[in-house]
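This report describes selected strand pairings, helix contacts and local backbone features of a protein chain. The sequence and the structure are shown first.

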Amino acid sequence: MRGAHALAACLCLALAVLPACGASGDGPGDHGSTVTVLYNSDERLFGPYMSMESWFLMFLPLAGHDESGNVVGRLARSWEYSPDARDWTFYLRSDVLWHDGEPVTAHDVKFSVELTGHPDVQFDDSWRDLDSIRVHDDTTLTMHYARPRDATGQNLWMVYWPRHLLEGLDPAEFYNWDFWTQPVGNGPYRYVRHVPQTMVELEANPDFYAGQPAIERVVVKFGGELGLPELLSGNVDILTWVNEADLPKLSDDPRFEVYHHMWPNVPWLLAILWNHTHPALGDARVRRALTHAIDRPEMLQLLNLPADLQIADVLFTGRQYRGGVLPQPLVYDTARAMSLLEQAGWIQPAGRQIRERDGQPLRFTAVLIAGGAQEQAAVYVQAVLRRIGVDMQIQALDFSVFMQRSQTGEFDAAFVPLFNYVDGHISTLTSEREGSIWVGGVPGYRNEEVVRLLASVKETADPAEIDSIYREIAPRFLEDLPITLLFPTVETAVVRKNIRGLQSPFRANPVQFMEHLWLEDLP
C-alpha cells in the first residue's frame with residue numbers, strides 16, 4: 001500500500017543550485033511569486049513511487065478535503081449512489097483540461113483505474129472490489145462495486161492520467177515510463193523542466209478550473225538530511241520533513257511557522273501490539289496496567305507533538321475523531337497500574353527493580369523500525385514502565401525484517417503504525433489479511449463479537465451506521481485492550497512566515513495545498 005511505499009522511500013540528495021524563494025513577500029494574487037520546497041524524493045515524485053501529496057500539484061482526484069476535513073468535489077462536481085452503495089455515479093467538471101490542452105473526460109478515469117489493476121501493474125488497492133466502470137458520456141461514469149463502498153473515500157487519493165498519451169504504452173514497463181518524469185497533468189501546476197537528482201520546476205496553470213494559483217512558480221528540490229541547514233540558510237522556503245528534536249528552536253524562530261498535518265480520516269495511529277501468548281501480556285490486567293503507566297500527554301510534549309492530539313483507547317472512525325466524540329481514555333495512574341500488576345500475581349520483591357511471578361521476571365522485548373518515529377516513543381515507554389517494575393527491552397529492526405516479524409507475530413510487543421480504517425482493524429484484530437495492509441494481527445487474540453462487528457462495517461457505506469458499529473465495538477475493545485493506542489500520527493512542515501493559507505491540522509500540508517497559498521508582506 002502507499003503507506004509502505006512512503007516508509008520505504010528515502011532519497012537524500014540535494015544540491016543548492018537554484019535561487020531561493022523571493023522571501024520579499026508578494027501579496028495574495030501576485031502572480032510573480034516563487035516558492036522553493038525541499039522534498040524527500042527524486043524526479044519521479046509524480047509517478048507511482050513516492051508519497052501521494054506531490055501528485056496533487058499536477059493531478060486531480062475525483063474528490064478532496066477542505067480545510068475542515070470535509071469531502072468536496074475536485075475533478076467530480078457531484079456524485080450519487082444506489083441504495084446499496086454499490087453503484088456510484090460521478091459527474092465530472094467539463095472545464096478541466098490536460099496541460100496539453102486536451103479535455104479531461106470520463107474515459108481518462110476509466111483508463112487510469114483499470115490500469116492500476118492491470119496484472120502487470122497492480123499499483124495499489126484502488127481497483128479492489130471494483131467490478132466494472134461504465135462510461136455514459138464524456139462527463140459521466142458509474143463505478144460498480146462487489147460490496148457496499150464509500151467510493152468518494154476510495155477516490156480521495158487516486159489521481160487520473162491522460163488516456164490519449166498513455167494507452168499505447170506497455171503496462172509491463174509501467175513503473176519505468178518516461179511520463180512519470182515529464183508528466184502532463186490536469187492540476188494547478190504544470191511541468192516545466194527537471195534536473196535529475198536535483199530539482200523539478202513547475203509553473204502555475206493559467207487554465208486551471210479553479211483559477212490560476214497565486215504562487216506562480218514552484219521549485220521542488222530533492223533532499224532529506226540537509227533539510228534544516230537549507231531552510232536556515234534561506235535556500236528553501238518549505239521543509240516537508242523535520243526532525244522533531246529541531247521543532248522547539250524552529251518554533252521560536254520568527255522567520256518560520258510550524259504546521260502539523262493530519263489526514264482527515266486519521267489513517268495512521270502509533271500503537272503497541274501485545275502478544276497474547278506471552279506469559280504476562282496475555283492477561284488483560286497486565287495490558288491495562290501497562291497502558292495506565294504511560295503518560296501519553298507527557299509523551300506528546302516530549303516528542304514535540306501537538307498537545308491537542310486526541311488520545312483514545314478504542315478504535316474509531318475519522319468522523320468520530322473530527323467530531324470530538326471519542327470516549328475518555330485511561331488516565332495516567334501509576335498506583336492503579338501497580339495494583340493491577342499485583343492482582344495478576346506480579347509482585348516486586350524487596351530490593352528488586354523488576355517484578356516477578358513464580359520466580360520469572362516481568363520482562364519482554366518490543367520490536368520497532370530502526371530510525372523510525374517509533375524509536376523515541378519506545379524509549380519513553382521503556383523508562384515509564386521501569387518505574388512500575390516492568391523491564392521492556394527494545395529491538396530496532398530493518399524495515400524488511402520488521403515487516404516479516406509483524407506479519408508473522410514473531411514478537412512480544414511491537415510498536416507499529418496502525419492503519420486506522422476497517423481494513424487495518426480487521427488485519428490487526430483478526431489476523432486476516434485485508435488487501436495490502438502490511439501490519440499483521442495480534443498473536444493469540446480472538447474476540448468473535450469484534451470480528452463480527454468489523455465484518456459488518458464492510459457491508460455498509462453509511463457513515464452514521466459505521467459510527468454506530470464502532471460504538472458497539474468500543475466497550476468490547478476496551479475490556480480486552482488487545483493493543484495500546486499511543487497517539488495519531490501527524491506530519492510536520494516548516495514554512496517561511498510570509499507563506500500564508502495553511503491551517504492545522506487538515507490544511508497544513510504545503511505541497512498538497514499549494515494552490516491555496518499566497519505570499520504576503522510581513523511587518
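Which residue in E17 stands opposite Phe364? The residue opposite Phe364 is Met392 in E17.

## Basis of the description

The model is predicted: local features need pLDDT of at least 70, side-chain atom pairs count only at pLDDT 80 or more, and totals for chains, interfaces and linings use all residues. Residues are numbered from 1 along each chain as its sequence is written, and side-chain values use heavy atoms, with hydrogens and water left out.

Helices (H or I, at least four residues) and strands (E, at least two) are DSSP runs, numbered from the N terminus. Two strands are taken to pair if DSSP finds at least two bridges between them.

## The five-stranded sheet

Strands E17-E16-E18-E13-E19, in that order, make up an open sheet of five strands with mixed pairing. Strand E17 (391-397) and strand E19 (483-488) each have a single partner strand, so one side of each is left without a neighbour in the sheet. Direction ignored, neighbouring strands of this sheet are turned by 30 degrees against each other on average; axes are lines fitted to C-alpha atoms, for helices over the stretch in contact, and angles run from 0 to 180 degrees between N-to-C directions.

E16 and E17 run parallel and are joined by seven bridges. The pairing of Phe364 with Met392 mentioned above belongs to these two strands. Helix H13 (residues 422-430) packs on the sheet, where it touches E13 and strand E18 (413-419); contact here means heavy atoms within 4.5 Å. The direction of H13 makes about 155 degrees with that of E18.

## An aromatic pair across the chain

Rings of Phe, Tyr and Trp (its six-membered ring) pair if their centres lie within 6.5 Å; planes under 30 degrees apart count as stacked, over 60 as edge-to-face and the rest as tilted. By this rule there are 17 aromatic pairs. In one of them, the rings of Trp274 and Phe364 have centres 5.8 Å apart and planes at 85 degrees, so this pair is edge-to-face. Trp274 lies in strand E13 (residues 268-274) and Phe364 in strand E16 (residues 363-369); the two residues are 90 residues apart, and the pair links distant parts of the chain.

Strand E8 (residues 189-195) and strand E9 (residues 199-204) run antiparallel and are joined by six bridges. Tyr189 stands opposite Ala204, and Arg190 has Glu203 as its bridge partner. The hairpin of E8 and E9 has three residues between the strands. Gln197, in the loop between them, has a positive phi of about 60 degrees although it is not a glycine.

## A further hairpin and a cis peptide bond

Strand E4 (residues 76-81) and strand E5 (residues 87-92) run antiparallel and are joined by five bridges. Tyr81 has Trp88 in E5 as its bridge partner. Five residues lie between E4 and E5 in this hairpin, and Ala85 in the turn has a positive phi of about 60 degrees.

The peptide bond from Ser504 to Pro505 is cis, with omega near 0 degrees. Pro505 is found in the loop between strand E21 (499-500) and strand E22 (518-519).

## Packing of helix H7

The axes of helix H7 (residues 284-292) and helix H10 (residues 334-343) come within 8 Å and cross at roughly 160 degrees. H7 and H10 are therefore roughly antiparallel to each other; angles under 35 degrees count as roughly parallel, over 145 as roughly antiparallel, 65 to 115 as roughly perpendicular and the rest as oblique. Arg285, Val286, Arg288, Ala289 and His292 in H7 meet Arg336, Ala337, Leu340, Leu341 and Gln343 in H10. By class, this contact has five nonpolar, two polar and three charged residues (Ala, Val, Leu, Ile, Met, Phe, Trp, Tyr, Cys and Pro count as nonpolar, Asp, Glu, Lys and Arg as charged, and the others, Gly among them, as polar).

H7 also packs with helix H15 (residues 463-480) at an angle of about 95 degrees, with the axes 8 Å apart. That makes H7 roughly perpendicular to H15. Here Ala284, Arg287 and Arg288 in H7 meet Leu478, Glu479 and Asp480 in H15, a contact with two nonpolar, no polar and four charged residues.
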